[in-house]
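Subject: A structure for you to explore

Hi there,

Here is the structure I promised to pass on. Please open it next to this email and follow along.

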Amino acid sequence: MELRVLRYFLTVVREGGIVAAAETLHLTQPTLSRQLKELEEEVGAQLFIRGNKTQKIVLTDKGQLLRNRAEDLLALADKAWQELQEDESEISGTVQIGCGESDGMRLLAQAAQRLRLKYPDIKVDLYSGNAENVKERLDKGLLDFGLFIQPTNLQKYETLRLPVTDRWGVLVRRDSILAKRENLTAQDLQGLPLLVSSQETVLHNLQQWFQLQPDKLRIVGTYNLLFNAALLVEEGFGCAVCLDKLLVGVSDKLRFVPLSPQVEMDIDLAWRRYQPLSKAAAAFLKETRALCELVSV
């Protein structure tokens, strides 16, 4: 299976049809159709359901599977190519970091800026996702580093504990009675319409922290991006259980109220064990370590 043909395949998916894809790829339609047919023969499965007149295509289940795998394969191939093109005498390239929404990213941003001042050709590629998504991409070699909020099982990775923590609390409307509170307890949470992270571990940990049974919490929705959940909070749909400092200055209609007893989470930077880092990634890690030592003093 050639990478070139996989790129053809993804272009057809992106353009929604063979006609548009052929124009984008500067190929004739018969040539592109033949390449796709040979790809289906090679994998032994139908990848597209083709329209008769418009030549619009719909992916089969096997086609969707190949699409997901092809995107990963091509991203990894592009990453390897970039690393091979690095000038041995200079430090350049792209540092790829996966992270959830955390104020701990601020320290990594500071490290990236310090690094760029030393090596202007270094770039940073950020991927936002939950812990499971970041782990998957880290394991596949699509990321150099992952930023994780504890508790997360990181036994198979090398890790660097950052000298910062994340604090859990509840995002409420500023005009609500809850906004006048200095903190919220387990009793306060019972009966509240809550928006929680779509990560199952967050809800589980919330129940463990406050020794609450699942039926004591009124979950009205889940989210993976707090900014969008905040819009629901603004409209009075519910209150969002979240980390502090993520929406500073975004809305004056909301207030973060910490939980009591206070719940703070450690933050770790992780990377694959026994996996050599690119020169750019190694330089980023060195800068991050130095910054951690500076902050810890």
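This is a predicted model: local features need pLDDT of at least 70, side-chain atom pairs count only at pLDDT 80 or more; totals for chains, interfaces and linings use all residues.

Residues are numbered from 1 along each chain as its sequence is written, and side-chain values use heavy atoms, leaving out hydrogens and water.

Start with H1 (residues 3-15) and H3 (residues 29-43), whose axes come within 10 Å and cross at roughly 110°. Helices here are DSSP runs of H or I with at least four residues, numbered from the N terminus. On the H1 side, the contact (heavy atoms within 4.5 Å) is made by Arg4, Val5, Tyr8, Phe9 and Val12, and on the H3 side by Leu32, Gln35, Leu36 and Leu39.

Which residues of H3 are buried? They are Leu32, Gln35, Leu36, Leu39 and Glu40, where buried means under 20% relative accessible area and exposed means over 50%. Seen down the axis of H3, these buried residues fall within an arc of 140° (taken from the directions from the helix axis to the C-beta atoms), so they line one face of the helix. The face turned away from that buried side carries the exposed residues Pro30 and Glu41. Just after H3, glycine 44 takes a positive phi of about 70°.

Finally, look at lysine 118 in helix H5 (residues 105-118). Lysine 118 is exposed, with a relative accessible area of 52%.

Happy exploring!

Conventions
Axes are lines fitted to C-alpha atoms, for helices over the stretch in contact, and angles run from 0 to 180 degrees between N-to-C directions. Helices (H or I, at least four residues) and strands (E, at least two) are DSSP runs, numbered from the N terminus. Buried means under 20% relative accessible area, exposed over 50%, partly exposed in between (1.4 Å probe, protein chains only).
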